[in-house]
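Please keep the structure open while reading.

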Amino acid sequence: MAEVKKSASGEAGAPGRTGSPGGGWTRFATARPRLTLLVALLLTALAVLAGGGVADRMGSGGWEDPSAESTYATKALEREFPGSQPNLLLLVDAGAGAAGAGGTAAVDAPAVAAEARKLAERLDAEPGVDGVGSYWSTGSPALRSEDGRQAVIAARIAGEEKDAAAVLDRIAPEYRGAHGPVEVSLGGGLAVRHEMQTVIQEDLLRAELIALPLTLVLLVMVFGSAVAALLPLGVGIVAILGTNAVLRGITEFTDVSVFAQNLTTALGLGLAIDYALFVVRRYREELAAGADTHTAVRTTLRTAGRTVLFSALTVAVSLSAMLVFPQYFLRSFAYAGIAVVLLAAAAALTLLPAALVLLGDRVNALDLRRLLRRRRGRPDGAGSEAGPGAGWARAAGLVMRRAPVFAVLTTAGLVLLGLPFLGVKFGTADDRQLPVTASSRVVQDQLRDGFPGNPGGGITVLAEGSATPAQYAAYRERIAALDGVDRADGPVTAGSGGPGHAYFTVVPEGETVGAEAQRVVGELRAVPAPFDTSVTGQSAVLVDSKDALAERLPWAAAIVVLVTLLLVFLLTGSVVIPVQAVVLNALSLTAMFGAVVWVFQEGHLAGLLGFTSTGDIETTLPVLMFCVAFGLSMDYGVFLLSRIKEEYDATGDHEHSVRFGLSHTGGLITAAAVILAVVMVAIGTSRVTNTKMLGLGVALAVLMDAMVVRSLLVPSVMKLTGRLTWWAPAPLRRFHDRFGISESDASAAAPAPEDPGAPGERRETATARR
């Protein structure tokens, strides 16, 4: 036994290994553990100060393409015709009692009209408010409810989103509520986005209060030891606080979406726990094999530490693909995701080793399962194949004995679950993302249901260039005659820019952003005119956003796939395994995408989950969910493949290596997936539909990947491919020998198929680890 222990742990401290990859880092991370933890504590405290109030500097938009035609037209209209782009609506409710004599509508009663005009004058005098108009000044029937009890005052608060929100915060208390004979409520795009931001912040705090204690309980169940359970939680908190500080700095240079904070919390806890679980589990295995504290930490960093770093790079690459898209909503998730992944890995590879050096065997202190392990005749901290590991090994053996059946049935089941996504319809995020009780949502519902037109909801055509009244009239007639157009109004020429600027308002038939409205946008852009035209409005923004996504999506997919293929090749030295990883990861996402359409687009479970189905999916959400879920799937895939490769390097036995990898990581991956799913479900309790969709969808993808793909598909497919799994052409083998990364400490290549029993230190090392 002493000889075996020497092979398991003594090699880690052997002088000849200090020059191995990561040797310098292990010395740095473990040389002064108390100083390392003190510096980390100071940096975390600074991060708390630097990241304070980051949510207040974030935006709640970012779905539009900043270089699109609709964006250009919107900005030009804001400059030339502020009244054409209202983002604040005051809904004035006169009730039934104010109706005048002779059946006059309530909003036309003298007292109501006088009070409404007074409110409009006050609003027009507010600093930062432009383009004030109302039913009482224009007489437009679109601004009066069909029952005559409500009418609208429309205005635009100019400036950047954060500045406009500050103006809204200042003036809202003065206008909301009772004013003489009328009751005023606030709506419009700005009010909706501002309330959405507030709701997200409140929901995020609640999610953290739900996730943290549940995560701690699950970690105690996984580790048994309360001390060991606290370590991953500490790493996650450091990653989250550090990422908030990074995002706060990024807000100084560019827009960042408030939705990104949800990803910070989810990935900060989830990935930090994944990495810490992997590191602590390997450390406890080394201790159980007889290594001393320092040797166990060094061996852990050189093996599991490499895998953690490799996994973090893989996840970061998947998330970085969102940087190719122009919408700052998606780019924000890349900022947050890359930062939190790298910080989680850095904490797991720096703070965690320092803590382990100081704790030593006390990492197993307060072990709630010690008595149970002793009854089973196992030493404390043993992480061998006995118990749960043996169960995973038996399950892997069963799957491989029936590999064709499991491969076909599992693949067919996943494809079947993804079929609803074939009917996906894309739309834009609007007020219906908010709960039905939200004040701005209530206003928008009343405008949608009770008014003949939707203020700000039509299609606007900006005309630039000199034109005669006859030319304007002829153009209006042409666009009014288009199929799917209900009516066309304009031109409005009294802009601040003087001659050469005008706009037309087009009301499409059907829904504001429906398929018919999107088709009308294309036809409007094709209508010839004697002046330059630009089309904007909600449906035009959606069309441009879809075009931008479609244009950049191949690039994003290429980045994810090609870099994944390269990284997995560097890990395994095989050209077959990277292809398997990409295909199986894609299969793991089918259930998520099918569920998104079936639940959120078609409205199944809407009552149970508490959201309003709009009949479509916000355009950027599938891209976001793909990048996040694919990255997390690769995270688990790297953990499993690295352990399989390590054993294969030591033994050359393909089937044994697959069983060994599953027995040593199956429980760990499942535990990590369950914990991450708990965090994502906590995020999914949000009252904002997009956040709910992201949380619940990614939770489902993570569970399907860990419990179906890693448990059934991977072993069955690797059984079917056999020794071919590890094939690579000679030039690529030489490339991998020079640049490859492996969790194994063994420096030699895997033994040839004819010599699966390769003697010597590699065999001894593998035996000790088992």
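## Residue classes and the model

In what follows, Ala, Val, Leu, Ile, Met, Phe, Trp, Tyr, Cys and Pro count as nonpolar, Asp, Glu, Lys and Arg count as charged, and the others, Gly among them, count as polar. The model is a predicted one.

## The largest cavity

The structure holds five cavities of 30 Å³ or more, and the largest of them has a volume of about 110 Å³. Its lining is made up of 15 residues, of which Gln433, Thr614, Asp616, Thr689 and Met693 are the closest to the centre of the cavity.

Strand E11 (617-618) and helix H26 (689-721) are the elements that give two or more residues to this lining, and H26 provides the largest share, three residues. By class, the lining of the largest cavity divides into four nonpolar, seven polar and four charged residues.

Aspartate 544 lies in helix H20, which spans residues 538-572. Its relative accessible area is 7%, and aspartate 544 is therefore buried, since the term applies to values under 20%.

The side chain of aspartate 544 is joined to that of serine 70 by a polar contact of 2.7 Å. When residues up to four places away in sequence are not counted, aspartate 544 touches Asp65, Ala68, Glu69, Ser70 and Arg525.

## The nonpolar cores

The largest nonpolar core has 151 residues, and those with the most contacts inside it are Phe259, Tyr275, Val341 and Leu624. Helix H13 (residues 328-359) supplies the largest share of this core, 18 residues.

With its neighbours within four places in sequence left aside, phenylalanine 259 is in contact with Ser60, Trp63, Met196, Ile200, Phe329, Phe333, Val688, Asn690 and Thr691.

Technical notes. Residues are numbered from 1 along each chain as its sequence is written. This is a predicted model: local features need pLDDT of at least 70, side-chain atom pairs count only at pLDDT 80 or more; totals for chains, interfaces and linings use all residues. Side-chain values use heavy atoms; hydrogens and water are left out. On a 1 Å grid over the protein atoms alone, a cavity is a set of points where a 1.4 Å probe fits but cannot get out, and a pocket is an open set with protein on both sides within 12 Å along at least five of seven lines; lining residues have an atom within 4 Å of a point. Grid points are joined across faces, edges and corners, and a volume is the space filled by probe spheres set on the points. Helices (H or I, at least four residues) and strands (E, at least two) are DSSP runs, numbered from the N terminus. Buried means under 20% relative accessible area, exposed over 50%, partly exposed in between (1.4 Å probe, protein chains only). A polar contact is a pair of N or O atoms within 3.5 Å; within protein, one must be able to donate a hydrogen and the other to accept it, and residues adjacent in sequence count only if both atoms are side-chain atoms. Contact means heavy atoms within 4.5 Å. A nonpolar core is a set of buried Ala, Val, Leu, Ile, Met, Phe, Trp, Tyr and Cys residues joined through side-chain atoms within 4.5 Å.
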